[in-house]
Amino acid sequence: ASRFNGKDPAKLTPARREQLIAEWTTSRGVTREELHTAIQRQAYLRKLADRRVSYSDEMLHDEYDRVHGERVEVQHIQLAAPRFFDQIKDRLDKGEDFERLATDFSQNALSREKRALLPPFSKNDSDVPPIFREVAFALQPGQVSKLVEAEGSFHLLKLVKRIPADDAKFDDVVEKLKKHLHARLVALEMEKLSSELVMKARLKIEDPVLREQYMNRSAAGQIVGPPLAGP
């Protein structure tokens, strides 16, 4: 019961560390060698990204607005297809809870598991699709949006609350903002580098049926992946 009484958890012993690694690799179906390779890959990507990242004073002030300016908190449902909109709207009109509908309908596991809540965001938060920001800031608390299309998917947003800007002074938090902004830019650059490396690879698919399926789906824009190696 120590986890409920405010005491610090026990220190991670070598035996417990090995147990956790074994549980993690088994649950995901990867070997320790694959895990080690993935960790090394991320470490190299981080070093490369760290050298490529820079930011301006304007970006730093944007980060201040993103963290300390007015923000909104919304609940979110990602629909499997637009045809579900009328069904969800009908149940909302009858007073059914948005969170319950997210559990039943949403394709987004991250928000679904957090009571349909997205992390709060500001008007200039570049991590959030522009249409999300535009729609969310136009809503009143408790109001549900119309069907929103973003990045090839369909969504509903419900404004939970507006979070007023805090009274933090820029000069008082600038060092913390620099660390946050740098870390965020490094993470974005790592994703970019990872995608570039994948697309420079040559994928070899020996099974002719799978090879043809990959080519057809790539041509149709259903998947994005590296080009195939020659036969």
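**Salt bridges in a predicted model**

By a salt bridge I mean a side-chain nitrogen of Lys or Arg within 4 Å of a carboxyl oxygen of Asp or Glu, and the helices, like the strands, are DSSP runs numbered from the N terminus, where a helix is H or I with at least four residues and a strand is E with at least two.

Please keep in mind that this is a predicted model, in which local features need pLDDT of at least 70 and side-chain atom pairs count only at pLDDT 80 or more, while totals for chains, interfaces and linings use all residues. Residues are numbered from 1 along each chain as its sequence is written, and side-chain values use heavy atoms, with hydrogens and water left out.

Arginine 91 forms a salt bridge with aspartate 104, and their closest N and O atoms are 3.0 Å apart. Since arginine 91 belongs to helix α4 (residues 85-93) and aspartate 104 to helix α5 (residues 98-105), the pair ties together parts that are 13 residues apart in sequence. Aspartate 104 also forms a salt bridge with arginine 100, where the closest N and O atoms are 3.3 Å apart. In this case both residues lie in helix α5, four residues apart, which is about one turn of the helix. Aspartate 104 is partly exposed, with a relative accessible area of 39%, and arginine 100 is partly exposed as well, at 48%.

How many salt bridges does the structure hold? The structure holds 16 of them, and a network of salt bridges links Glu63, Arg66, Asp125, Asp127 and Arg184. As a general point, side chains of opposite charge can pair when their charged atoms come close.

Methods:
Buried means under 20% relative accessible area, exposed over 50%, partly exposed in between (1.4 Å probe, protein chains only).
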